[in-house]
Amino acid sequence: WRCIFTHRISDNTNEIVNTENMFSSGSTILLCCLSLATTALGSNFVTNLEAAIAEGQKRGYDTGVTSLAVDPVGIPFPCTLYSTTPAQSVHQLTPADVKVIGAIGDSITAAMGAKAGSILTGLTQYRGVSWSIGGDGDVSNTGTLANLVKKYNANVKGFSTGTGSETNSNSRLNVAVSGAVSSELLAQAHTLIDKIKADSSINFNTDWKVVTLWIGGNDLCDYCSDTNFYSATNYANNIATVLDALKANLPRTFVNLVQILDVTQLAPLSSLWCDLVHTFVCDCATTGSTADKQITSAASKAYNTALENLINTGRYDTSDNFTVVLQPFPSGIELPYKNGEPDKSYFAPDCFHLSTKGHKEMAVGLWNNMVQPVGEKSTDWTLNQPVICPSASGPYFYTKKNSPAQKFGVNFASGENGQSRSSDLLPVYLGVGVGTGVLALVVVVLVVGVVIRKRRQKKAGERMPLVYHKSTDM
């Protein structure tokens with residue numbers, strides 16, 4: 001009862017600690033009681049109950065628990081490793097240039113329950129298999145972004161291993177906090193910056209860094225309870241504050257800003273246990289009223305539109321030292337089905353977090369977005385999709401500045417000295433380029449003339465202000 005009324009666990013076991021920060025209070029009450037039972041009856045209780053659940057599933061009983069293959073899932077890697085010149089600009093960054101990898105976010109990036117065999121280990125954070133930063137094993141047996149990067153640079157630093165919270169030493173630069181919402185993300189950004197500064201194995205000023213930011217699921221899960229606090233405008237302002245802090249304090253950094261998925265997609269994942277978890281953790285999107293689910297679904301689209309608008313301001317495209325690239329692949333995710341039923345193998349036993357299989361699919365989706373030009377990035381989650389390989393003429397991670405050149409088959413990305421990094425410039429495009437350039441110049445002159453004329457006719461007070469907070473870079 002003390003657990004129920006205080007919403008926390010007072011014991012110091014390795015398995016369950018500080019659950020008040022993991023979920024909303026309701027789900028903490030639920031999981032807290034399971035944790036107390038585990039503590040009181042010992043580890044044999046967990047082992048025996050998991051064995052009983054597995055046996056029941058073999059006999060065809062509905063145990064209410066997802067049956068999972070909890071082993072990590074590898075990614076086939078068909079890519080050729082090209083020799084590249086060290087990047088002098090973030091717009092020339094290749095996988096081989098990446099020396100440091102970090103991540104901020106919530107319980108998905110913490111990989112909560114990813115390898116859990118049952119609900120009893122569902123609170124464990126398996127950070128070593130986290131989609132964006134896990135570093136257990138290698139890409140052949142554990143599919144993560146970090147392990148893909150390791151194929152190009154085995155000495156990359158920052159990836160998380162094993163299990164534990166964000167404060168564990170093996171979590172390294174995976175500073176994601178379970179239960180976090182966007183308004184709490186700035187603290188994670190400062191933690192990440194401080195950790196990188198404090199690591200003597202990292203050259204803070206010269207090492208190239210990739211940081212993945214994914215947040216918003218918990219905002220959406222509470223959206224119907226406070227539509228003003230969790231509005232798309234507030235969400236975008238929270239993200240802008242975090243990105244501004246990273247830009248001001250973290251040199252040589254490529255940030256993946258990953259769009260949010262529609263959490264109402266989880267509603268059909270139903271069982272006695274899953275419905276119970278959904279009710280306590282995310283009722284706005286799953287077990288709530290039809291109206292609540294409708295406004296939550298609409299909010300997810302508004303969140304993604306707000307992120308697009310933020311990035312389209314160009315405030316993070318002003319430097320060769322830092323950039324933010326919007327990676328949209330989760331925006332079109334639909335719940336996977338198998339034999340006419342939701343395929344729970346992609347999810348943890350709570351039907352809310354991802355299994356290792358789900359993390360692997362997310363890793364491939366992120367990697368593929370990173371090597372796709374801006375404007376041509378996939379916006380869905382195609383299961384078992386192959387890894388897209390960087391090419392000799394386009395070996396870099398795509399940004400807004402280096403993407404247009406790819407449309408002409410030429411790598412125009414240049415360093416500080418103005419020299420191209422690619423040895424594959426194709427003269428056949430020269431004539432087309434000159435003709436296109438002349439035409440473009442004529443169009444630009446005409447457009448500029450029209451804009452200047454219209455602006456002269458406007459009063460100063462009639463200009464539309466930007467939605468986002470003030471920044472010296474705008």
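This is a predicted model: local features need pLDDT of at least 70, side-chain atom pairs count only at pLDDT 80 or more; totals for chains, interfaces and linings use all residues.
Trainee: What makes up the protein chain in terms of helices and strands?

Mentor: The protein chain holds twelve helices and six strands. Of its 474 residues, 50% are buried. Its accessible surface comes to about 21500 Å², and carbon and sulfur atoms account for 55% of that area.

Trainee: How do you know what share of the contacts joins residues 24 or more positions apart?

Mentor: Among contacts in the protein chain with a separation of 6 or more, 72% are between residues 24 or more positions apart.

Trainee: Why is valine 324 called buried?

Mentor: The relative accessibility of valine 324 is 3%. Buried means under 20%, so valine 324 counts as buried. This residue is located in strand E4, residues 322-327.

Trainee: Which residues are in contact with valine 324, leaving aside its neighbours within four places in sequence?

Mentor: They are Leu243, Val255, Leu257, Ile311, Tyr316 and Asp317. A contact requires heavy atoms within 4.5 Å.

Trainee: What makes the strand E4 an edge of its sheet?

Mentor: E4 belongs to an open sheet of four strands with parallel pairing, in the order E1-E2-E3-E4. E1 and E4 each have a single partner strand, so one side of each lacks a neighbour in the sheet. On average, neighbouring strands of this sheet are turned by 20° against each other, direction ignored.

Trainee: How do you know that E2 and E3 are paired?

Mentor: Pairing needs at least two bridges. Five bridges join strand E2, residues 208-214, to strand E3, residues 253-258, and the two run parallel. As an example, valine 210 has phenylalanine 254 in E3 as its bridge partner.

Trainee: Why is the pair of cysteine 221 and cysteine 282 called a disulfide, and what makes it left-handed?

Mentor: The S to S distance of cysteine 221 and cysteine 282 is 1.9 Å. The criterion is a pair of cysteine sulfur atoms within 2.5 Å, so the pair qualifies as a disulfide. The torsion about its S-S bond is about -90°, so the disulfide is left-handed. Cysteine 221 lies in helix H6, residues 217-221, and cysteine 282 in helix H8, residues 272-282; the two are 61 residues apart and link distant parts of the chain.

Trainee: What makes the link of cysteine 274 and cysteine 351 a tie between separate parts of the sequence?

Mentor: A disulfide joins cysteine 274 to cysteine 351, with an S to S distance of 1.8 Å. Cysteine 274 lies in helix H8 and cysteine 351 in the loop between strand E6 and helix H10, so the pair ties together parts that are 77 residues apart in sequence. Both of these cysteines are buried. A search of the whole structure finds four disulfides.

Trainee: How do you know that serine 89 is buried, and what does its side chain reach?

Mentor: Serine 89 has a relative accessible area of 1%. The limit for buried is under 20%, so serine 89 is classed as buried. Its place is in the loop between helix H3 and strand E1. The side chain of serine 89 reaches the backbone nitrogen of histidine 91 at 3.1 Å, and the cut-off for a polar contact is within 3.5 Å.

Notes:
Residues are numbered from 1 along each chain as its sequence is written. Side-chain values use heavy atoms; hydrogens and water are left out. Buried means under 20% relative accessible area, exposed over 50%, partly exposed in between (1.4 Å probe, protein chains only). A polar contact is a pair of N or O atoms within 3.5 Å; within protein, one must be able to donate a hydrogen and the other to accept it, and residues adjacent in sequence count only if both atoms are side-chain atoms. Accessible areas come from the Shrake-Rupley method with a 1.4 Å probe; for residues, only the protein chains shown count as cover. Axes are lines fitted to C-alpha atoms, for helices over the stretch in contact, and angles run from 0 to 180 degrees between N-to-C directions.
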